[in-house]
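Here is a short walk through one structure. Keep the sequence and the model side by side as you read.

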Amino acid sequence: MRIESVGQRSALGLVAAGIALACGNAALAAGTGQPEPWQIAMQNPMSEVARDMHLFHTWLVWIITAITLLVLALLIAIAVKFNERANPVPTRTTHNTLLEVAWTIVPVLILVVIAIPSFRLLREQLIIPPADLVIKTTGNSWYWTYEYLGEQAGFRFDANMVQQNDLKPGQPRLLATDNDMVVPLNKVVKLQVTASDVLHAFALPSFGLKIDAVPGRLNETWFKPEREGIYYGQCSELCGNGHPYMPIAIRVVSEQAYAAWLAEAKQKFASTSGRDAVKLAASTR
Ligand SMILES: [Cu+2]
């Protein structure tokens with residue numbers, strides 16, 4: 001009974017996916033900032049880069065669909081027209097110059113129409129605009145450390161997953177953290193991503209972020225959030241037995257709320273410059 005109902009729901013989901021695909025990606029169950037039950041599509045994009053990634057994805061789906069339908073039509077035509085009964089004496093034709101030129105050039109053209117928007121998207125991701133805010137993000141086994149850089153900030157804190165028993169209402173399981181990364185709305189946030197021990201990957205679907213966190217290397221990426229709210233992501237590199245338990249939560253707030261949070265955070269969290277001064281004083285004593 002249970003299997004039957006799951007099967008029915010899967011079939012319904014597939015039908016819905018087919019219809020939604022025909023109408024464009026937007027109609028698919030998606031979720032904003034976090035996954036939804038029975039989600040089929042990617043999470044709703046909340047930055048320009050993420051939106052362009054979705055457009056590119058939809059473009060590829062149309063191209064793949066056209067190629068698949070063409071190959072299917074050719075296979076059916078061959079099976080019907082050239083089977084032993086319909087065509088008892090096979091032709092001995094081995095070459096057709098026009099056909100060979102066509103099936104070389106057409107795939108090249110398809111690759112070109114894929115490559116152009118692909119390179120445009122890569123450029124958009126890799127060329128980081130002037131940043132309003134720089135946050136160094138370090139992956140550890142198994143939590144993230146966020147360090148707010150610059151004269152206006154200068155503090156760091158750890159973000160650990162909230163255990164299931166401690167979840168507050170509205171906090172999603174395996175995604176909520178005790179300390180969120182807080183950023184202001186409509187500002188360019190540059191992330192410097194590294195790791196302290198093993199490979200991790202910083203990924204947040206709604207902002208189109210996914211970048212490796214490699215010990216000894218500083219990777220950079222950026223995002224510009226377009227709507228207030230809380231957005232969740234996860235480590236996306238199989239880093240060890242705590243891999244599913246190091247979520248990422250980014251809270252996007254208004255500029256005033258950010259200024260208030262910043263003042264509070266400076267008091268609450270370890271000052272990076274202050275800590276070094278204490279260390280120096282201790283070692284020279
Ligand atoms: Cu990890």
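A residue counts as buried if 20 or more other C-beta atoms lie within 10 Å of its own, as exposed if 12 or fewer do, and as partly exposed in between. Keep that rule in mind for the first stop. The model is predicted.

Start with Gln34. Is Gln34 in a helix or in a loop? Gln34 is found in the loop between α1 (2–23) and α2. Gln34 has 19 C-beta neighbours inside 10 Å, so Gln34 counts as partly exposed. Leaving aside residues up to four places away in sequence, Gln34 touches Pro172, Leu175 and Tyr232. Look also at Ser206, which is 172 residues from Gln34 along the chain. The C-alpha atoms of Gln34 and Ser206 are separated by 8.0 Å.

Next come two helices. Helix α2 covers residues 48–81, and helix α3 covers residues 97–126. They pack at an angle of about 170 degrees, and their axes are 10 Å apart. Angles over 145 degrees count as roughly antiparallel, so α2 is roughly antiparallel to α3. Which residues of α2 meet α3? They are Val49, Asp52, Met53, Phe56, Trp59, Leu60 and Ile63. On the α3 side the partners are Ile110, Ile114, Pro117, Ser118, Leu121, Glu124 and Gln125. By class, this contact has 10 nonpolar, 2 polar and 2 charged residues.

Now turn to the sheet. Strands of a sheet pair through backbone hydrogen bonds, either parallel or antiparallel. Here an open sheet of 5 strands has the order β4-β10-β9-β6-β7, and its pairing is mixed. β4 and β7 (209–213) stand at the edges. Each has a single partner strand, so one side of each is left without a neighbour in the sheet. From one strand to the next, the twist averages 25 degrees.

Follow the pairings. Strand β4 (residues 181–184) pairs with β10 in the parallel sense over 4 bridges. Val182 stands opposite Arg251 in β10. Strand β9 (residues 229–235) runs antiparallel to β10, joined by 6 bridges. There, Tyr231 stands opposite Ile250 in β10. Strand β6 (residues 200–204) is also antiparallel to β9, with 2 bridges between them. Ala203 stands opposite Gln234 in β9.

How enclosed is β10 (residues 247–253), and why? In β10, 5 of the 7 residues are buried, so the strand is largely enclosed by the rest of the structure. Finally, find helix α4 (residues 255–268), which lies across β4 and β10. Helix α4 runs at about 135 degrees to β4.

How values were computed: Residues are numbered from 1 along each chain as its sequence is written. This is a predicted model: local features need pLDDT of at least 70, side-chain atom pairs count only at pLDDT 80 or more; totals for chains, interfaces and linings use all residues. Axes are lines fitted to C-alpha atoms, for helices over the stretch in contact, and angles run from 0 to 180 degrees between N-to-C directions. Angles under 35 degrees count as roughly parallel, over 145 as roughly antiparallel, 65 to 115 as roughly perpendicular and the rest as oblique. Two residues are in contact if their C-beta atoms, placed from the backbone, lie within 7 Å. Ala, Val, Leu, Ile, Met, Phe, Trp, Tyr, Cys and Pro count as nonpolar, Asp, Glu, Lys and Arg as charged, and the others, Gly among them, as polar. Two strands pair if DSSP finds at least two bridges between them.
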